[in-house]
Amino acid sequence: MAGVTSWSIGELAARAGVTVKTVRFYSDQGLLPETGRSSGGHRRYGPEALGRLRMIRSLRTLDLPVPDVGRALERDDALEGLVADRLRELRPQLAALRWREAALQLLADCPPEERARRLDLIGAMGLPPDTDLLARFWRRWLFPARLPGPLLSGIVDTAVPPPPQDPTPAHVLAFGRLRAIVTAPCPPGLLDRPPAPKRFTDGFRPAVLYAGLKEAYDLADPALRAGRAPAGGEALDRFVAAWAEAGGARDSAAFRRRLTGVLADEPRLDHYWDVVSELATPTGAAPEPTPGSAEAWLREALTGTAGGAEANVLV
């Protein structure tokens, strides 16, 4: 109304579209200063209180705590920091919600007879999935544990896929399978064999091996993407050279035959890399190459060109 310079608590509440109780609460918190009191002792508010009340309501809609709202109202530069802090708090919560949604969808989409198995996978891994278990598996597998830091980190980073921020039911299933692979007990046979480098004699240099293997995998990548059959060539030569250099041996026909006796399929690792490839491959695309698929391709190429194994120990 013209000439009105202050409002009662009810008038302010009506103009702001909130309840009298809300206005009283923020007044009691010191967020809405009064201009004075009426002759009957009732609170009075100036026009500036309307804008302030709307600001409070907006900040509370963003779920900022009342003390933070007070800081934002008192300092113009406080809001930016408060918003940034709130975003940091919310992102992990949102990620957890997305993973729960994807897990629920995975259960909704699966046949009833599959539901119990998938529930076991989901319950075992947690949401979002914790990849520390996968990293520990690879650190145990690598030989020895004291590889140079950058080399060890590079291998583990390649082997442990990061959980996506916007997961699908397929991602939930894949990470559940990865956890099941690395925690499953090894049955007798190939799965409980130590990694090939552990079967070498003293003096073996694993850092030299793993650095050379990465080069060999990179060289094999074009052939894998093109779908070419395993064959000799630069990639296989670098693969064999990595093993020879690490063991202090010389690449020769005899060495290659002996190497086939040391290298063997590792079903658990092959299964692991298959799942990693699924995670990295867009729907409908050709499988994305991994170090595991490159290793399998090179092993097959070696077997096909070495003429059979003669021994199980390198000299």
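The largest share of the lining of the second largest pocket, four residues, comes from helix α13. This is a predicted model, where local features need pLDDT of at least 70, side-chain atom pairs count only at pLDDT 80 or more, and totals for chains, interfaces and linings use all residues. Residues are numbered from 1 along each chain as its sequence is written, and side-chain values use heavy atoms, with hydrogens and water left out.

**The second largest pocket**
- At least two lining residues each come from α10 (206-226), α13 (267-280) and α14 (291-306); helices are DSSP runs of H or I, at least four residues, and strands are runs of E, at least two.
- Of the 14 lining residues, Ser277, Pro287, Glu288, Pro289 and Ser293 are the closest to the pocket's centre.
- The lining divides into six nonpolar, four polar and four charged residues.

**Two helices side by side**
- The axes of α4 (residues 66-74) and α5 (residues 78-109) come within 8 Å and cross at roughly 150 degrees, which makes α4 roughly antiparallel to α5 (angles over 145 degrees count as such).
- Asp68, Arg71 and Ala72 in α4 meet Ala78, Leu79 and Leu82 in α5, where contact means heavy atoms within 4.5 Å.
- By class, this contact of α4 with α5 has four nonpolar, no polar and two charged residues.

**A sheet of three strands**
- Three strands form an open, antiparallel sheet in the order β1-β3-β2; two strands pair if DSSP finds at least two bridges between them.
- β1 (7-8) and β2 (36-37) are the edge strands, each pairing on one side only.
- Two bridges join β2 to β3 (residues 43-45), and the bridge partner of arginine 37 is arginine 43 in β3.

Technical notes:
Axes are lines fitted to C-alpha atoms, for helices over the stretch in contact, and angles run from 0 to 180 degrees between N-to-C directions. Angles under 35 degrees count as roughly parallel, over 145 as roughly antiparallel, 65 to 115 as roughly perpendicular and the rest as oblique. Ala, Val, Leu, Ile, Met, Phe, Trp, Tyr, Cys and Pro count as nonpolar, Asp, Glu, Lys and Arg as charged, and the others, Gly among them, as polar. On a 1 Å grid over the protein atoms alone, a cavity is a set of points where a 1.4 Å probe fits but cannot get out, and a pocket is an open set with protein on both sides within 12 Å along at least five of seven lines; lining residues have an atom within 4 Å of a point.
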